[in-house]
Amino acid sequence: MTHVSDGDTLWVRPQRGGAPRPVRIDGIDAPELCQIHGETARAALVGRVLGQAVQVRVRRHDDYGRALARVSLRGQDLGAWLVSQGHAWSYRYRGQSGPYAQQEGQARARQLGLFRQGRAELPREFRRRHGPCH
C-alpha cells in the first residue's frame, strides 16, 4: 500500500509489480476530506495500512477507473474496521442499509468517530449541498 487519498480510497502496488493503482473500499462511504471527520478518517486508514501488504478482491471498477474492492489486512476486513471505529458509514443504496450496517449501529451506539457529535452528514448529501472538495 503506497498512498491513501481519503478515508475510503487507497493506492496499491500490484504484487506482480507496476505502478500503484487506486482502490476504493467497497461497501463503505467515508467523509470527504473537507468535511467534518474527513481528515481524521484518512489518518485512521493511513495509520492502519500505509506501507503494509493488503489483499484486494476487486468486484468491479467505478466511473473514475478505481477498482471497487474488499480490502483486508492480515485477514481483517478494512471496510468493517473503518465503520466499526466510526470513520465511515456502511454504504447505503436503494433503501438498503449496506454490508456493514451492524458495525455502523454499534459505532453509533458507542458514539465513536463521526457519530460522536451527531453533526456528520453522508458524503453524497454533503456534495449535493456544497459540491466536491476540490
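## Fold

In this predicted model, the protein chain is built from 4 helices and 8 strands. Read from the N terminus, the order of the elements is β-β-β-β-α-β-β-β-α-β-α-α. The radius of gyration is 14 Å, close to the 14 Å that the globule rule gives for 134 residues, so the protein chain is as compact as a globular protein of that length.

Along the principal axes, the C-alpha atoms fill a box of roughly 45 × 30 × 30 Å. Counting contacts in the protein chain with a separation of 6 or more, 54% are between residues 24 or more positions apart.

## Burial, surface and charge

Of the 134 residues in the protein chain, 43% are buried.

The protein chain carries 22 positive and 12 negative charges.

## The disulfide

A disulfide is a covalent bond between the sulfur atoms of two cysteines. The model has 1 disulfide. Cys-34 and Cys-133 form the bond, with an S to S distance of 1.9 Å; this distance is within the 2.5 Å cut-off for a disulfide. The link between Cys-34 and Cys-133 is left-handed, with -80 degrees about the S-S bond.

Which parts of the protein chain does the pair tie together? Cys-34 sits in the loop between β4 (28–29) and α1 (38–49), while Cys-133 belongs to the segment after α4 (123–130), so the bond ties together parts that are 99 residues apart in sequence.

Cys-34 counts as partly exposed because its relative accessibility is 44%. Cys-133 also counts as partly exposed, at 29%.

## Val-54

Val-54 is placed in the loop between α1 and β5 (55–61). Is this residue buried or exposed? With a relative accessible area of 14%, Val-54 is buried, because buried means under 20%.

Leaving out residues up to four places away in sequence, Val-54 touches Met-1, Val-12, Val-49, Val-71, Ser-72, Leu-73 and Leu-78. Gln-106 is 52 residues from Val-54 in sequence, and the C-alpha atoms of the two are 25 Å apart in space.

Notes. Residues are numbered from 1 along each chain as its sequence is written. This is a predicted model: local features need pLDDT of at least 70, side-chain atom pairs count only at pLDDT 80 or more; totals for chains, interfaces and linings use all residues. Side-chain values use heavy atoms; hydrogens and water are left out. Helices (H or I, at least four residues) and strands (E, at least two) are DSSP runs, numbered from the N terminus. The radius of gyration is taken over C-alpha atoms; the globule rule is 2.2 Å times the number of residues to the power 0.38. Buried means under 20% relative accessible area, exposed over 50%, partly exposed in between (1.4 Å probe, protein chains only). Contact means heavy atoms within 4.5 Å. Lys and Arg count as positive and Asp and Glu as negative; His and the chain ends are not counted. The place of a charge is taken as NZ of Lys, CZ of Arg, CG of Asp or CD of Glu.
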